[in-house]
Amino acid sequence: MERTTEGAHRLRGYSMAVLAAVCWAANGLLANWLFAGSDAGSWRVDAPSVAIDARVLAADRALVAVVLLAAALGAVDRRAFRIRLSDAPFLAAFGLVGMAGVQYTYYRTIEVTGQPAVAILLEYLAPVIVLVLSVAMLGERLTWSLPLGVALALGGCALVVGAVGPGEGLSVSGEGLAWGLTSAAFFAAYSLLGRYAARRFGPWTLLVYGLGAAAVVWLAALGPRTVLAPLADPVTLVSVAFSAVVGTIVPFGAYLMALRVLDATKVSVTASLEPVVVAAGGWALFAQSLSAAQIVGGLLVVAAILAVQIPVGGSALPPPE
């Protein structure tokens, strides 16, 4: 019975990580469209009349997300707001690193390179960082399946986004590479901080205070007028609201739920399904062709997710209470 319950918790954890990957995939191309402004003529709906700077988009996304999430929690679960005063510094740091840092560096990579695929690939170097730090500092047991899963995920992502294999591949400037690697570092920090805090706070408590801290910092750094001005455009407002729900509240919340029952390495490897979903969605919805290398890459990512699920004693977090 106990083994069945543990299996159910693990299945829920992997399901939440997959949900996060799907939502982030849906949000990635939206970000590129928002940066393009009125030049995004290939879309069937009107693009925003003015392109949005990466900092402003990160600020608007955090602000709209915290308003929507706080309203929802106020209606259904006010207990999520209860914290001790001594918890405030950690939650503020979590917001700066996990919310503001991850979102801004990811968007900045897209803005600099003009290629969402590059941003996705570089961000998913995070499992390497997570694995090293988890083993070195958090006592995670190093088994053959974890480095294998990380390697398969990285190779699969590289094939899916065209970084290796036939064709011209991806061309990345030094600035774009720097922003992408910074994005990976922040995403790794989000994973590790989320794992550390998973037993202390509920996922929605972490998320609402983290988003709140990020929004306050952006408002102070950029000024309310700069942050709020783009939201006056109806198309931008709807797009940012969609991004706040699909690209922030749902995936970041699901990712934190996964970290409650799984090690950070396993969750970050599972989330590397994101570029596979992007490629598959482009094929299914927009008749974009898939090369043999991309198909092989997708299979490698699936193999990575299966590899990290190989059970080993003591590697998972205990089920949440």
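User: Is Val132 buried or exposed?

Analyst: Val132 counts as exposed, because its relative accessibility is 51%. The cut-offs are these: buried is under 20% relative accessible area, exposed is over 50%, and partly exposed lies in between, with a 1.4 Å probe and protein chains only. Keep in mind that this is a predicted model, where local features need pLDDT of at least 70, side-chain atom pairs count only at pLDDT 80 or more, and totals for chains, interfaces and linings use all residues. Residues are numbered from 1 along each chain as its sequence is written, and side-chain values use heavy atoms, without hydrogens and water.

User: Which helix holds Val132?

Analyst: Helices are DSSP runs of H or I with at least four residues, strands are E runs of at least two, and both are numbered from the N terminus. Val132 sits in helix α5, residues 126–137.

User: Which residues make the nonpolar surface patch with Val132?

Analyst: A patch takes residues with over 30% relative accessible area and no salt bridge (a Lys or Arg side-chain nitrogen within 4 Å of an Asp or Glu carboxyl oxygen). Like charges are joined within 9 Å, and nonpolar side chains (Val, Leu, Ile, Met, Phe, Trp, Tyr) within 5 Å. Here, Val128, Val132, Leu133, Met137 and Leu138 form a patch of about 430 Å². Areas come from the Shrake-Rupley method with a 1.4 Å probe; for residues, only the protein chains shown count as cover.

User: What about the inside? Which residues touch the most other members of the largest nonpolar core?

Analyst: In soluble globular proteins, nonpolar side chains tend to be buried together. A nonpolar core joins buried Ala, Val, Leu, Ile, Met, Phe, Trp, Tyr and Cys through side-chain atoms within 4.5 Å. The largest one has 82 residues, and Trp24, Tyr190, Leu206, Leu211 and Tyr255 touch the most other members. Helix α2, residues 54–76, gives the largest share, twelve residues.

User: What does Tyr255 contact, beyond four places in sequence?

Analyst: Contact means heavy atoms within 4.5 Å. The partners of Tyr255 include Trp24, Tyr190, Val267 and Ala271.

User: How many residues of helix α11 are buried?

Analyst: Eight of the eight, so helix α11 (residues 264–271) is largely enclosed by the rest of the structure. Among the buried residues of α11 are Lys266, Val267 and Ala271.

User: How many disulfides are there?

Analyst: A disulfide is a covalent bond between the sulfur atoms of two cysteines. The test is a pair of cysteine sulfur atoms within 2.5 Å. The whole structure has zero. Cys23 is buried at 10% relative accessible area, and Cys157 is buried at 1%.

User: How many helices and strands does the chain have?

Analyst: The protein chain has 13 helices and zero strands. Buried residues make up 50% of its 321 residues.
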